[in-house]
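Trainee: Let's go through this one term by term. I want each label set against its definition.

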Amino acid sequence: RDSPESPLHLTLRTNRLPSFQSTSGLETTELAHMYASIHIRARVSGSPGACAGMFTYLTDEQESDIEILTRDERNTVRATNQPGVDPNGKVIPEASTPITITQPGGSDVGSWTEWNDYQLNWLPGRSEWLINGISKLNKTYGVPTQPSNIQIRLWSDGSQWPGNMTVGGLATLDIEWIDLVYNTSREAPGATCERVCTIDNFARDPRPQTASGTVRNIPMRASVLALVLWPLWAAISL
């Protein structure tokens, strides 16, 4: 990490070899997340032809993404709700929107090679994308409506979307921390929710705080999870 706060981060890598492309990723194990706020501090570097994605996923039609393409300009991030093409293969203009990396103060001079805070809010009927705490885009097209899992991946397959990485090329996605808040679409037998927590009001401290109402007006059905990598820490409030 480029600051004295922590010397550690998690690195995902994709590498183009002569006969195949290696990829890497993380994902939740259950398809039970129904609305979520995904917040990640990350940076990307390396050869053109890779895609760093942070997204909700059930099917190719039930998916919401933050994506960084290493073939793009270094201040450009893609905000996408699927599907991106219609049944005839025609691109749907509302699906994917380029947004610029904004630094605190409102200057569009950021780069995805530097540490930035990326956030995707999956809300009922609306998706919101934020960079460094600044809301960049709201979208009502293609908002997922079914329970999904959450994934972070760095990949390339030589297709038109990421581009074709040259043999010997390498790209990395460094992750300093992840905050994940979500509703679950199912409840544990006999479980009751006695309080609701929020992680919106902290300054670099991810401990959940008791809230008097729901988080971002989303009904909390079972649990709120705040997860931070490096240091690894998790808290669950039921």
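Mentor: Start with strands. Helices (H or I, at least four residues) and strands (E, at least two) are DSSP runs, numbered from the N terminus. Two strands pair if DSSP finds at least two bridges between them. This is a predicted model: local features need pLDDT of at least 70, side-chain atom pairs need 80 or more, and totals for chains, interfaces and linings use all residues. Residues are numbered from 1 along each chain as its sequence is written, and side-chain values use heavy atoms, without hydrogens and water.

Trainee: In what order do the six strands of the open sheet lie?

Mentor: The order is 3-12-5-6-7-8, with antiparallel pairing. Strand 3 (24–27) and strand 8 (96–100) are the edge strands, since each pairs on one side only.

Trainee: What makes strand 7 and strand 8 a pair?

Mentor: Five bridges join strand 7 (residues 76–81) to strand 8. The definition asks for at least two. So they pair, and they run antiparallel. T76 has T100 in strand 8 as its bridge partner.

Trainee: Why is H33 called buried?

Mentor: Buried means under 20% relative accessible area, exposed over 50%, partly exposed in between (1.4 Å probe, protein chains only). H33 has 6%, so H33 counts as buried. H33 sits in strand 4 (residues 33–46).

Trainee: What makes the link between the side chains of H33 and T28 a polar contact?

Mentor: A polar contact is a pair of N or O atoms within 3.5 Å; within protein, one must be able to donate a hydrogen and the other to accept it, and residues adjacent in sequence count only if both atoms are side-chain atoms. The two side chains make theirs at 3.0 Å.

Trainee: Is N116 buried or exposed?

Mentor: The relative accessible area of N116 is 0%, so N116 is buried. N116 belongs to strand 9 (residues 116–123). Its side chain makes polar contacts with the side chains of N132 at 3.0 Å and Y118 at 3.5 Å.

Trainee: Which residues does N116 touch?

Mentor: Contact means heavy atoms within 4.5 Å. Leaving out residues up to four places away in sequence, N116 touches several, including I40, R41 and I101.

Trainee: What is the average pLDDT of the protein chain?

Mentor: pLDDT is the predictor's confidence in each residue, from 0 to 100. The chain averages 81, and 75% of the residues score at least 70. Over residues 203–207 the pLDDT is below 50. The pLDDT is also below 50 over residues 212–238. Where pLDDT is low, the predicted coordinates should not be read in detail.
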